[in-house]
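Open your viewer and keep the selection tool at hand. We will go stop by stop.

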Amino acid sequence: MPTTTPDRNLALELVRVTEAAAMAGGRWVGRGDKNTADGAAVEAMRAMISTVQMRGVVVIGEGEKDDAPMLYNGEEVGNGEGPACDVAVDPIDGTTLTAKGMTNAVSVLAVADRGSMYDPSAVFYMDKLVAGPEAADVVDIRLPVKENIRRVAKAKGEEVEDVTVVMLDRPRHEQLAAEVRDAGARIRFISDGDVAGAIGAARDGTGIDLLLGVGGTPEGIITACAIKCIGGVIQGKLWPTDDDERQRAIDAGHDLDAVLTTDDLVRTDNCFFVATGITDGELLRGVRYRSGGATTHSLVMRSRSGTIRTVEGHHRLTKLEQYASLSQG
């Protein structure tokens, strides 16, 4: 395989990165301090990602360099050898969930061929639709909500009343929620963490059939990497929050009426998605600490092979003392 594309050997190297971030951030679960939790996870992730054999560039990170001293957009990561990659990181997807000790906080990392991840040009929100493989060819974000729900139900051999839609619990979704209920479907609101929600909508056996609503554009691109591995579909439309952001998007050449597909968000069939649970959730179990160690639960996916692995890691913290944030009490 050419060295310009990620190799399958990256998979277990990458899961070590999210494990480190989850163990560091997990020390702050329920302590009410989301910024300190995020800082601990960022520090641990950056320390571990420097050991991965790749020539990575962060394209979805903690922010611009001036505001994010570590894992900022444009930062080079990896050990400088091996494949050239785009890297998307979210050391904690669900910082508020972590701070409050709520479910579904995860640490997330996605890697794809260099130059393949979509550049949203500072449009931070996106209207999204995510569905699993059964309904991937029949849903369309431009259709009325009721019609998409009907199509999902038909594709999955369910009644409309059996369809569960997940969405972020936000005031902006009041009308959307009313349309879902008018269609006869059920809603599962989540307070944060729409990457986990989107993966739940795409995977079988989660009790979720469809994700709808406005969430972060970076999370949409990370989700697209996961969808490439699982199957299914993500569709999105950029959602500027004000006139200035709208004008910046237009100046950058974005068509705000265009529907962005999975292939638009990640333009390669060679990518990895890795997530480790911080708190318990439908997708993953959270970090379990014990005397001198911890147990982690992770999901490791690769699009080229279509392989999805769950990894349970048992860690001796005495072996990880070089990552100081992992042992904070």
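Predicted model: local features only at pLDDT ≥ 70, side-chain atom pairs only at ≥ 80, totals over all residues.

Residues are numbered from 1 along each chain as its sequence is written, and side-chain values use heavy atoms, with hydrogens and water left out.

**Stop 1: helix 5**

Select residues 174-183, which form helix 5. Helices here are DSSP runs of H or I with at least four residues, strands are runs of E with at least two, and both are numbered from the N terminus. Colour Leu 176, Ala 177, Val 180 and Ala 183: they are buried. Buried means under 20% relative accessible area, exposed means over 50%, and partly exposed is in between (1.4 Å probe, protein chains only).

Why do these residues sit on the same side of helix 5? They cover an arc of only 125° around the axis. That arc is taken from the directions from the helix axis to the C-beta atoms. An α-helix has 3.6 residues a turn, so residues three or four places apart point the same way.

Now turn to the other side of helix 5. Glu 174, Gln 175, Arg 181 and Asp 182 are exposed there.

What do the buried residues of helix 5 pack against? Show helix 4 (145-155), strand 6 (164-168), strand 7 (186-190) and strand 8 (210-216). Contact means heavy atoms within 4.5 Å. Then step just past helix 5 to Gly 184, with a positive phi of about 100°.

**Stop 2: helices 6 and 7**

Select residues 194-202 for helix 6 and 217-230 for helix 7. Their axes come within 10 Å and cross at roughly 25°. Axes are lines fitted to C-alpha atoms, for helices over the stretch in contact, and angles run from 0 to 180 degrees between N-to-C directions. The two helices are therefore roughly parallel to each other, a label for angles under 35 degrees.

From helix 6 come Asp 194, Val 195, Ala 198, Ile 199 and Ala 202. They meet Glu 219, Ile 222, Thr 223, Ala 226, Ile 227 and Ile 230 in helix 7.

**Stop 3: two loops**

Select Leu 71, in the loop between strand 1 (55-60) and strand 2 (76-77). Its phi is positive, about 55°, although Leu 71 is not a glycine. Leu 71 counts as buried, at 0% relative accessibility.

Finish at Asn 104, in the loop between helix 3 (95-100) and strand 4 (106-113). Phi of Asn 104 is positive too, near 80°. Asn 104 is buried, with a relative accessible area of 11%.

Technical notes:
Parallel < 35°, antiparallel > 145°, perpendicular 65-115°, else oblique.
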